[in-house]
Amino acid sequence: MRSIALGLRLDESFFDDKIHEQYHNLRLLSYPPIKRQLLSGEGQARAGAHSDYGTLTLLFQDSVGGLEVQNPRTGQFQPATPIPGTIVINAGDLLARWSNDVLRSTLHRVVAPPLKAISDTEGITPARQSIAFFCNPNQGAEISCLPTCLVPGSKPKYPPVTTEEYIDKVLSGLSVQLVIMASHMSTVISRKPADIIAYLSKLRSNLSGNPLLYTISVSQHTDGSELSNLVSSVRAISEHSVGCLSAAVPSSRPAWQRYSSVSLASLSSQNTTLFRSTIPGRKAPLVGRWHAMHKDRKPDPEIPVDQSGEMDWESALSNAYDGNVLPQPLEQLSAESINSVLYFSDNAPEGLSSALSKFSTATQLGLIGASTPFITGRPYTLLHNESIHSDGAVGICLSSPIRPSPHSAFPGLEPITRPMIVTSSEGNLVNALDNANPSGLLLHAIHSHPSASLRSEQGISPELRLYMGTLRQNNGQHELDQLFYITSGDPSRGSIALDTDSAPAEGTLVQMFLLPPSASPDILGEVQSSRNAKGTRRTRNLTFVSTSIEDGETGSAPHSEDDGDTVVLEDVFLAASENGCVVGRSTGGGHERPWKCSVPGGMVGLQWAT
Ligand SMILES: O=C(O)CCC(=O)C(=O)O
Ligand SMILES: [Fe+2]
């Protein structure tokens, strides 16, 4: 700053007592490796164009490159190519104001580094690290036009401001941008639908007109007029909405299973596109020739097996849903701009799910609606603006600048084998694990399990739910990724069949799990207590929960102490279905093939920092 003072024809020590409090920031930046393609889209960058807000920034970068600085005359961004042993110095906004723009703050950004000769077209952008030291004036220093920077007779460009006031303003501007995704999110649960309606009507004036995503769950004892009152009060908030009827969220308070609930997210109209899809799905996976583990279970009559008992793989796979055209409003969206697609669907979401792969960097989350034949007379009840549909799907695409992060949890799930590598698989079958017979491994694990309740006379207790999970390495730890329900197995042939049309590929690390028949997670209670926990960072959280049918109506009378209880979960969108959900997550590391999560108690969702 002394050399800046000299350059501006001020006394060398001019800034000394205005910057000595060290009101500075040091930021260690780590940009993970990422597919080059993900950085090439419009609006995608490691750091978007911005200027720093202080006086000077000292930037230490490694040799990877990607930092670019705008030439204020031409508007062109030019690479600030790393030079070993040097520091990049940026002028910030407060120095620009102080000097009346004699020294301008530089607009800069971090993009994919230049291609090295060795890398191919679908390369990976290497990790990059940098250290930025942001220098600021003292907190209370008044930043007003320096005397030597004013042309005699002219006025300063900017009014005086203190460092603190300026930084507060910049930061509050940033947080306005952060909440752009959802202007409101909440879940309200009550025994009395009238209380929910009262809550919704209070929201009306604040949220009116913004696109709305919602789910409604009612007890089977709710009468039809209560349900239609709930639907109309949600629709009164906005004409632009998509929703569905969902199931009660599992809770340890049985009375709550008989409560009604509404979850809603009011979204910014700029970033949200609503849609209705009639893309056909596909029937249950086409394979499953036998059943030996649950001996008493009949084969599913819908599964076509040819006379020889062999599957025709070619036709099974080509029968897929390629070539489906997305609903009109989605065809027009640019593929890279969408970061999340949320939808509610009937039990055949495959067509839509696969067509959504157009949005190659988006996470998709679909809740398969609750079965509602006894409530509305329709198999599923999907709502779009003023219309009601019994099939297909309704949903939203989000393009907000803030990308939410996916999360998942499977409470109660117990590993019963060690991690193993898939050594043979085809279609929905896993034929070998570590070159051994998967059904045999599974039966052995259950027979040697300490809990006798897992076994029955026939071998395995019919209530037992078994899963195969794929594992991902993270910092030397194994993390659970996708989970597939094991529909059948044949100890003599060895293979096990999964509830998917595409079993984990050869070479995938997997592990087998069971969900004990007694597992009954208290999801509502857990969400409530994690919301109340002190010191947790505020986030907005949308979660789809897969419940088991037994979690539904328990038939027990509500406790009187619960009477009249109304619970509002702020910043939470919690919706459940006994039919499960579809998840295809996209992260910096890549894109996951969509899969169906039907683990009772399993939760998948998205989280936004606020
Ligand atoms: O990582 C870099 O090179 C630049 C980071 C930056 O501009 C910032 O954090 O303000
Ligand atoms: Fe910067």
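These are legends for a set of close-up views of a predicted model.

**View 1. The iron ion (ligand 2) and its protein donors.** Three side chains reach the metal here: His 50 and His 108 each through NE2, and Asp 52 through OD. Their distances from the iron ion run from 2.1 to 2.2 Å. Along the chain, the donors follow the pattern H-x1-D-x55-H. Asp 52 sits in the loop between strand S3 (47-50) and strand S4 (56-61), while His 108 belongs to strand S8 (residues 108-110), so this pair ties together parts of the chain 56 residues apart in sequence. Asp 52 comes out as buried because its relative accessibility is 6%, under the 20% cut-off. His 108 is buried too, with a value of 5%.

**View 2. Phe 14, Phe 15 and Trp 98, an aromatic cluster.** The structure holds five aromatic pairs, and one of them is Phe 14 with Phe 15. Their ring centres are 5.1 Å apart and the planes make an angle of 90 degrees, an edge-to-face arrangement. What about exposure? Phe 14 is partly exposed at 23% relative accessible area, whereas Phe 15, at 1%, is buried.

**View 3. Phe 344 and Phe 544, a tilted ring pair.** With centres 6.0 Å apart and planes at 50 degrees, these rings count as tilted, because edge-to-face needs an angle over 60 degrees and stacked one under 30. Phe 344 is part of strand S18 (residues 340-345) and Phe 544 part of strand S33 (residues 539-546), so the pair links distant parts of the chain, 200 residues apart. Both residues are buried.

**View 4. The largest nonpolar core.** This core has 56 residues, and Leu 213 and Phe 544 are the ones that touch the most other members. Strand S32 (residues 509-515) supplies the largest share, five residues. Domain 2 (184-279 + 321-404 + 520-609) and domain 3 (414-515) both contribute residues, so the core lies between them. As background, nonpolar side chains in soluble globular proteins tend to be buried together.

**View 5. Helix H6, residues 193-207.** A quick geometry check: at 1.5 Å a residue, this 15-residue helix should span 21 Å, and its end C-alpha atoms are 20 Å apart, so the two agree. Which residues of H6 are buried? They are Pro 193, Ile 196, Tyr 199, Leu 200, Leu 203 and Leu 207. For reading that list, recall that an α-helix has 3.6 residues a turn, so residues three or four places apart point the same way. After H6 comes Gly 209, with a positive phi near 90 degrees.

**View 6. Two arginines over aromatic rings.** Arg 109 lies over the face of Phe 77, 4.0 Å from the ring centre. In the other example, Arg 465 is over the face of Tyr 485, at 4.5 Å from the centre of that ring.

**View 7. Arg 9 and Cys 149.** Arg 9 is in the loop between helix H1 (2-7) and helix H2 (16-19). This arginine counts as exposed, because its relative accessibility is 66%. Although Arg 9 and Cys 149 are 140 residues apart along the chain, their C-alpha atoms are separated by 9.1 Å.

Terms used: Residues are numbered from 1 along each chain as its sequence is written. Chains are lettered from A and ligands numbered from 1 in the order in which they are written. This is a predicted model: local features need pLDDT of at least 70, side-chain atom pairs count only at pLDDT 80 or more; totals for chains, interfaces and linings use all residues. Side-chain values use heavy atoms; hydrogens and water are left out. Helices (H or I, at least four residues) and strands (E, at least two) are DSSP runs, numbered from the N terminus. The expected span of a helix is 1.5 Å times one less than its number of residues. Buried means under 20% relative accessible area, exposed over 50%, partly exposed in between (1.4 Å probe, protein chains only). Donors are N, O and S atoms within 2.8 Å of the metal (3.2 Å for Na, K and Ca); water is not among the atoms, so sites may look incomplete. Rings of Phe, Tyr and Trp (its six-membered ring) pair if their centres lie within 6.5 Å; planes under 30 degrees apart count as stacked, over 60 as edge-to-face and the rest as tilted. A charge sits over a ring if NZ of Lys or CZ of Arg is within 6 Å of the ring centre and within 35 degrees of the ring normal. A nonpolar core is a set of buried Ala, Val, Leu, Ile, Met, Phe, Trp, Tyr and Cys residues joined through side-chain atoms within 4.5 Å. Domain bounds come from an automatic or database domain assignment.
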